[in-house]
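This briefing goes through a ligand site and the sheets of a protein model, topic by topic. Please keep the sequence and the coordinates at hand while reading.

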Amino acid sequence: MRVLVTGSGGYIGAVLCRLLQTMNYEIVGLDTGYFKSCDFCDRPSKIPTIKKDIRSIEKADIQGFDAVIHLAALSNDPLGSLDATLTDDINTCASLRLAAIAKEQQVKKFLFSSSCSIYGAGKDFSLNEEAQFNPQTPYARSKVDVEAGLRELASDTFSPVFLRNATAFGFSPRMRFDLVVNNLTGWVFTTGKIKMASDGTPWRPLVHVNDIARAFLFVLDAPQQTVNLQAYNIGYNDQNFQIKDIAFSLQEFFPHCSVEFGQPSGDTRTYHVDFTKFNTSFPSFQKGRKTLREGVKDLLEHFAKTALSEPTFRSRLYTRLEQIRYLQLVGKLDEKLYWK
Ligand SMILES: NC(=O)c1ccc[n+]([C@@H]2O[C@H](COP(=O)([O-])OP(=O)(O)OC[C@H]3O[C@@H](n4cnc5c(N)ncnc54)[C@H](O)[C@@H]3O)[C@@H](O)[C@H]2O)c1
């Protein structure tokens with residue numbers, strides 16, 4: 001199977017492409033390269049890559065693929081809030097144009113990396129795929145809008161699938177410390193303390209980055225008609241946590257660490273999610289999964305290997321918004337995030 005992976009140079013992309021390579025898929029990456037100099041502890045695997053902005057994609061870029069896995073985006077809430085119009089241009093408009101071209105080019109499956117953040121300020125526990133959307137940010141809104149646009153593009157031969165990923169954690173050669181588990185683990189490793197900006201009461205479902213990659217593989221391999229237009233929450237029912245409990249769970253590894261809380265932040269995002277559908281549809285998803293504890297242990301091993309210091313942990317290289325702002329500040333990216 002020949003697969004195009006957009007956002008191949010990002011946190012999930014680096015892990016997913018390596019997995020696809022080991023499973024002998026023929027893959028081509030596509031990425032504009034915002035994080036090309038942000039390796040951590042390891043390097044992403046070498047794969048043929050189209051260096052291009054998704055806003056500039058042409059038909060020729062999408063020829064001869066059986067499937068597209070679409071990861072490229074301004075991909076978290078703080079970055080998505082830098083400029084809401086830009087987030088709409090990149091995350092929504094460019095994604096839907098890409099999908100329209102893919103359909104024209106007879107791509108069969110279009111796997112969209114959506115997010116559980118579309119449930120936003122979730123009022124109930126165990127929100128399943130039928131739950132009402134309640135996006136709280138431009139980033140989450142873009143995921144809702146792309147899912148809606150893709151539904152309109154679907155046909156007998158073009159099958160969009162929505163993978164609504166939980167909040168990722170774990171090691172990737174394109175590391176991110178702006179993700180809650182990676183961030184708290186980095187704090188405690190480098191300072192012996194856990195410092196939280198908020199009171200830690202919001203709920204977040206967590207999923208290891210390797211398990212997100214595995215989920216994409218299950219969908220790639222599934223018969224087209226069984227996954228056509230399906231939305232799946234990607235994660236595990238026992239991996240919903242209040243953020244303060246993530247912090248306390250780190251005390252197993254650092255028994256003497258202090259945990260400091262901030263004030264309620266006014267951030268309305270909280271969601272507790274039900275993952276039964278994907279786990280029932282793909283029972284093997286349970287096998288080889290990584291729990292929060294296992295993922296943290298693995299992170300700590302990588303931190304020890306590189307002797308992670310506080311300045312490196314806090315550097316722009318591993319925080320999306322900081323890296324993008326830096327590239328603008330030094331004049332490499334323009335205000336629309338095109339390379340100059
Ligand atoms: N990481 C998570 O916790 C999480 C959770 C749910 C959903 N997702 C979604 O999964 C996808 C991948 O997330 P990630 O964590 O790997 O993000 P990331 O920011 O690490 O990677 C995104 C990649 O897309 C590229 N990119 C951004 N804008 C582009 C553009 N205009 N043209 C071409 N390439 C562009 C970047 O260079 C980067 O390499 C995103 O769509 C994100 O919204 C992530």
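Which polar backbone atom is 2.9 Å from an oxygen atom of the ligand? That backbone atom belongs to Tyr11, and the pair is a polar contact, meaning two N or O atoms within 3.5 Å, where a pair within protein must also join an atom able to donate a hydrogen to one able to accept it, and residues adjacent in sequence count only if both atoms are side-chain atoms.

This is a predicted model, in which local features need pLDDT of at least 70 and side-chain atom pairs count only at pLDDT 80 or more, whereas totals for chains, interfaces and linings use all residues. Residues are numbered from 1 along each chain as its sequence is written, and side-chain values use heavy atoms, with hydrogens and water left out.

- The shell around the ligand holds 30 residues, and Asp31, Leu71, Ser75, Ser113 and Tyr139 come nearest (a residue is near if one of its heavy atoms lies within 4 Å of the molecule or strand).
- By class, this shell has 13 nonpolar, eleven polar and six charged residues, where Ala, Val, Leu, Ile, Met, Phe, Trp, Tyr, Cys and Pro count as nonpolar, Asp, Glu, Lys and Arg as charged, and the others, Gly among them, as polar.
- Helix H1 (11-22), strand E5 (109-115), helix H4 (138-153) and strand E7 (167-169) each supply at least two residues of the shell, and E5 gives the most, with three; helices (H or I, at least four residues) and strands (E, at least two) are DSSP runs numbered from the N terminus.

**Seven-stranded sheet**

- Seven strands form an open sheet with parallel pairing in the order E3-E2-E1-E4-E5-E6-E10, where two strands pair if DSSP finds at least two bridges between them.
- Strand E3 (49-51) and strand E10 (231-234) are the edge strands, each pairing on one side only, and the twist averages 20° from one strand to the next (axes are lines fitted to C-alpha atoms, for helices over the stretch in contact, with angles from 0 to 180 degrees between N-to-C directions).
- Strand E2 (residues 26-31) pairs with E3 in the parallel sense over three bridges, and Gly29 stands opposite Thr49 in E3.
- Ile50, also in strand E3, is in contact with Leu4, Val28, Gly29, Leu30, Asp31 and Asp61, leaving aside neighbours within four places in sequence (contact means heavy atoms within 4.5 Å).

**Three-stranded sheet**

- A second open sheet has three strands in the order E7-E9-E11 with mixed pairing, and its edge strands are E7 and strand E11 (240-242).
- Within this sheet, E7 and strand E9 (residues 203-208) pair in the parallel sense over three bridges, and Phe169 stands opposite His208 in E9.
- Helix H10 (residues 292-306) packs on this sheet, touching E7, E9 and E11, and its direction makes about 60° with that of E9.
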